[in-house]
Amino acid sequence: NGLIYCLQSCSAWRDMKCQGVQKLLQTIEGAQIIELPNDETCCGFGGSFFVKYDEIFNAMVSKKVAPLPNNEEAASIGLDLGCPLPMVGKLQKESNPIHVRHSTRF
């Protein structure tokens with residue numbers, strides 16, 4: 001229980017209008033759920049894009065993680081693996097202790 005930032009992947013948001021993360025997190029008793037202001041923002045991970053266009057990818061993932069606090073007491077939870085993977089790498093490079101978790105691991 002505690003402060004949880006809801007991580008919505010851009011593909012689930014744009015393509016499927018999915019709000020599964022929000023619905024799932026609302027079932028956690030005592031948790032304070034905070035939706036990020038940039039759900040529609042792509043993290044830049046798609047396919048081999050992040051390898052071929054490292055500078056563009058870095059700018060995109062930086063924008064995606066910008067609203068997350070630098071706080072080990074907080075967690076960010078996502079429904080798919082697409083966004084959490086590159087975000088974890090970016091946050092680790094920035095020494096941000098926030099916990100990023102897939103919805104099956106909280």
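Q: What is K90 in contact with, leaving aside its neighbours within four places in sequence?
A: K90 touches N58, V61, S62 and V65. Contact means heavy atoms within 4.5 Å. This is a predicted model: local features need pLDDT of at least 70, side-chain atom pairs count only at pLDDT 80 or more, and totals for chains, interfaces and linings use all residues. Residues are numbered from 1 along each chain as its sequence is written, and side-chain values use heavy atoms, leaving out hydrogens and water.

Q: Why is K90 called buried?
A: Its relative accessible area is 13%. Buried means under 20%, exposed over 50% and partly exposed in between, with a 1.4 Å probe and protein chains only. The value of 13% is under 20%, so K90 counts as buried.

Q: Where is K90 found?
A: K90 sits in helix α5. Helices are DSSP runs of H or I with at least four residues, strands are runs of E with at least two, and both are numbered from the N terminus.

Q: What makes K90 and E94 a salt bridge?
A: Their closest N and O atoms are 3.6 Å apart. A salt bridge needs a side-chain nitrogen of Lys or Arg within 4 Å of a carboxyl oxygen of Asp or Glu. The 3.6 Å distance is within 4 Å, so the pair qualifies. Side chains of opposite charge can pair when their charged atoms come close. The structure holds one salt bridge.

Q: Is E94 called buried, exposed or partly exposed, and why?
A: E94 has 40% relative accessibility.

Q: How do you know which side of α5 is covered?
A: P84, P86, M87, K90 and L91 are buried in α5. They span an arc of only 165° around the axis, so they lie on the same side of α5. The arc is that of the directions from the helix axis to the C-beta atoms. An α-helix has 3.6 residues a turn, so residues three or four places apart point the same way. The face turned away carries the exposed residues L85, Q92 and K93. The cover over the buried residues of α5 includes β1, α4, β3 and β4.

Q: What makes a set of residues a nonpolar core?
A: Its members are buried Ala, Val, Leu, Ile, Met, Phe, Trp, Tyr and Cys residues, joined through side-chain atoms within 4.5 Å. The largest one here has 14 residues, and Y5, L68, M87, L91 and I98 touch the most other members. β1 (3-7), α4 (54-65) and α5 (84-93) each supply at least two residues of this core. α4 gives the most, with three.

Q: Which residues does M87 contact, leaving aside its neighbours within four places in sequence?
A: M87 touches L7, V61, K64, V65 and L68.

Q: What makes β1 and β2 (residues 32-35) a pair?
A: Four bridges join them, and the two strands run parallel. Strands pair if DSSP finds at least two bridges between them. Four bridges meet that cut-off, so β1 and β2 pair. L3 has Q32 as its bridge partner in β2.

Q: How many bridges link β1 to β3 (residues 74-78)?
A: Five, again in the parallel sense. Here L7 stands opposite G78. β1 is mostly covered, with four of its five residues buried.

Q: Why does H102 count as buried?
A: H102 has a relative accessible area of 18%. This is under 20%, so H102 is buried. H102 belongs to strand β4 (residues 99-102).
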